[in-house]
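Please have a look at the model first.

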Amino acid sequence: MRTTPRRLLTALALTPMLAGCFVSGEDGPGASGAPGADGRLRIALAVPPVQALSPYSNDATVLSKLSVAEGLTALDEDGAAAPALAKSWARKDDTTWVFQLRKATFQDGTDVTAESVVNALDHANEAETKPRVLSDITLTAKADDTDTVTITTKTADPVLPLRLASPALGILAEKAYAADGTVSPVGTGTGPFTITRLTGKTKATLDRYDGYWGGKAKTSGIDVSWIADGTARANALRGGDVDIAEWIPTAQAKLLDAKTRHEVPSVRTDSLILNTGGGLLADAGLRAAARAAVDGGVLVDSVFGGYADPAQGLFGPAVSWAADRRVEVTGRAKAATTTQVKAETKGRTLRLATYTNRAELPEAASVLQQQLEKAGFTVKQDVREYTQMEADLLAGKYDALVFSRVTLLDTGDAVAYLASDFTRDGVYNIAGLKDTEVDKAIKSAAAEGDTAERQKKIMRAEAEILRTDAVVPLVHEKVVQGISGDVEGVLLDPRERSLVDVDTHLK
């Protein structure tokens with residue numbers, strides 16, 4: 001019996017909880033726009049691969065959404081760790097955990113063993129760009145016998161089983177890891193679907209893996225197209241060219257038949273990230289002026305068509321414990337006046353970036369540009385497809401970024417998000433934030449094992465981050481997924497980590 005049944009993940013879609021590729025020149029199945037051949041699903045995804053679906057990039061979520069790769073653990077409907085490739089585990093002491101593996105095979109036919117798990121985790125640790133989920137922790141894995149893995153951490157990590165559920169820590173077969181550091185999930189995962197063809201950033205073909213430990217999938221395969229333009233994704237669904245289209249733009253949502261439009265409470269927060277590490281907004285007073293000028297509330301109806309809530313902080317209504325534990329933000333820098341902004345910037349341009357993969361963001365950026373210019377800034381936008389600008393974002397080449405982030409994506413635990421995005425050593429620290437009090441608050445939350453106390457410390461860390469004006473929360477999104485009426489069993493997940501599994505199929 002499967003330990004992470006579809007009904008658990010389906011429950012994620014129904015309640016806002018979280019309380020506690022084609023070969024070049026070839027056509028693949030379903031390419032003509034006719035219903036998927038042999039019961040194959042056709043899916044349109046929004047963000048093209050950055051690194052050929054490497055788990056160490058943002059591509060990792062694709063491997064999770066399409067049920068290609070698995071970690072030692074998964075997340076259940078309450079956001080708690082559930083068995084996946086590990087059937088059980090126990091904590092021996094503050095820094096030591098022992099995991100017992102189930103009988104499973106990789107899609108290349110080799111067995112999942114303790115050695116293969118150690119190999120996968122070692123490669124993640126040694127990756128040139130560390131996965132975000134490992135930003136705040138150092139772990140060491142050791143094979144005790146064929147089916148037993150001991151994992152130790154340098155410091156106490158009460159939520160290690162949650163961390164191991166991250167899509168970035170999926171366990172792949174030995175042949176996935178090349179000597180040059182690249183990682184290929186093609187035919188090397190353990191999930192019910194195996195990638196058989198991948199062509200650049202446009203298409204992928206997945207076939208059912210009949211050796212999956214959790215049972216045979218109901219669909220014979222999946223044909224994936226990456227369509228960055230949201231209107232084009234919606235049109236593909238309306239025209240019958242795809243069966244599932246993710247992230248339907250809010251402007252297109254109401255044009256879909258009600259039966260194909262599925263609103264999902266999401267842990268996604270859209271924010272204005274301000275570059276504290278260099279450029280115009282390294283000045284705290286100018287950052288404060290930018291924060292004071294921005295009103296995200298006007299975006300709810302004008303840009304998102306009501307499919308969003310005004311921002312309450314970094315964590316919105318889908319993280320139900322956050323509101324009662326929110327901490328007042330104090331100690332912010334005094335905002336420069338309009339006259340002071342003009343005098344201090346002396347006509348220098350504030351470089352405002354965003355990306356096109358989420359259709360609402362460029363429109364939001366235009367609204368924010370007007371607000372910032374009213375406060376005395378001279379603003380120039382740079383709007384491109386995300387994969388074209390990620391390196392520049394991480395290199396601090398912009399002053400501000402209109403950014404959409406699934407806050408509980410990496411582990412289901414908020415600390416990993418805070419550590420990767422806002423600590424001085426965070427691998428996704430686009431804001432370039434280096435603040436001792438922020439680091440201290442996040443470290444304190446990371447060490448806390450009691451759930452209620454951990455949540456309180458997370459909210460104290462949120463207040464410290466907001467104090468710096470490194471981020472200005474704008475709205476909490478409600479994601480709209482487009483699903484044909486011919487499809488059953490799609491996973492509507494607030495964390496946006498799951499989309500199809502063994503039970504997803506055409507009627």
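Predicted model: local features only at pLDDT ≥ 70, side-chain atom pairs only at ≥ 80, totals over all residues.

Helix α13, residues 414-422, packs against helix α15, residues 451-467, at an angle of about 25°, and their axes are 10 Å apart; the axes here are lines fitted to C-alpha atoms, for helices over the stretch in contact, with angles running from 0 to 180 degrees between N-to-C directions. That angle makes α13 roughly parallel to α15, where under 35 degrees counts as roughly parallel, over 145 as roughly antiparallel, 65 to 115 as roughly perpendicular and the rest as oblique. On the α13 side the contact, meaning heavy atoms within 4.5 Å, is made by A414, V415, L418 and F422, and on the α15 side by R454, I458, A461 and I465.

Residues are numbered from 1 along each chain as its sequence is written, and side-chain values use heavy atoms, with hydrogens and water left out.

Turning to the other partner of α15, the axes of helix α14, residues 436-447, and α15 come within 8 Å and cross at roughly 165°, and the two are therefore roughly antiparallel to each other. The contact involves E437, V438, A441, I442, S444, A445 and A446 of α14, together with R454, K457, I458, A461, E464, I465 and R467 of α15.

Which residues have the most contacts inside the largest nonpolar core? They are L272, F315, F377, L418 and F422, in a core of 71 residues, a core being a set of buried Ala, Val, Leu, Ile, Met, Phe, Trp, Tyr and Cys residues joined through side-chain atoms within 4.5 Å. Helix α13 gives the most to this core, with 6 residues. Apart from it lies another core, of 64 residues, among them L72, V117, V264 and I483.

Finally, the backbone: most residues other than glycine have a negative phi, and most peptide bonds are trans. A52, however, has a positive phi near 50°, and L53 has a positive phi near 65°. A52 lies in the loop between β1 (41-45) and α2 (60-65), and L53 is found in the loop between β1 and α2. A52 is partly exposed, at 46% relative accessible area, whereas L53, at 2%, counts as buried; buried means under 20% relative accessible area, exposed over 50%, and partly exposed in between, with a 1.4 Å probe and protein chains only. Helices (H or I, at least four residues) and strands (E, at least two) are DSSP runs, numbered from the N terminus.
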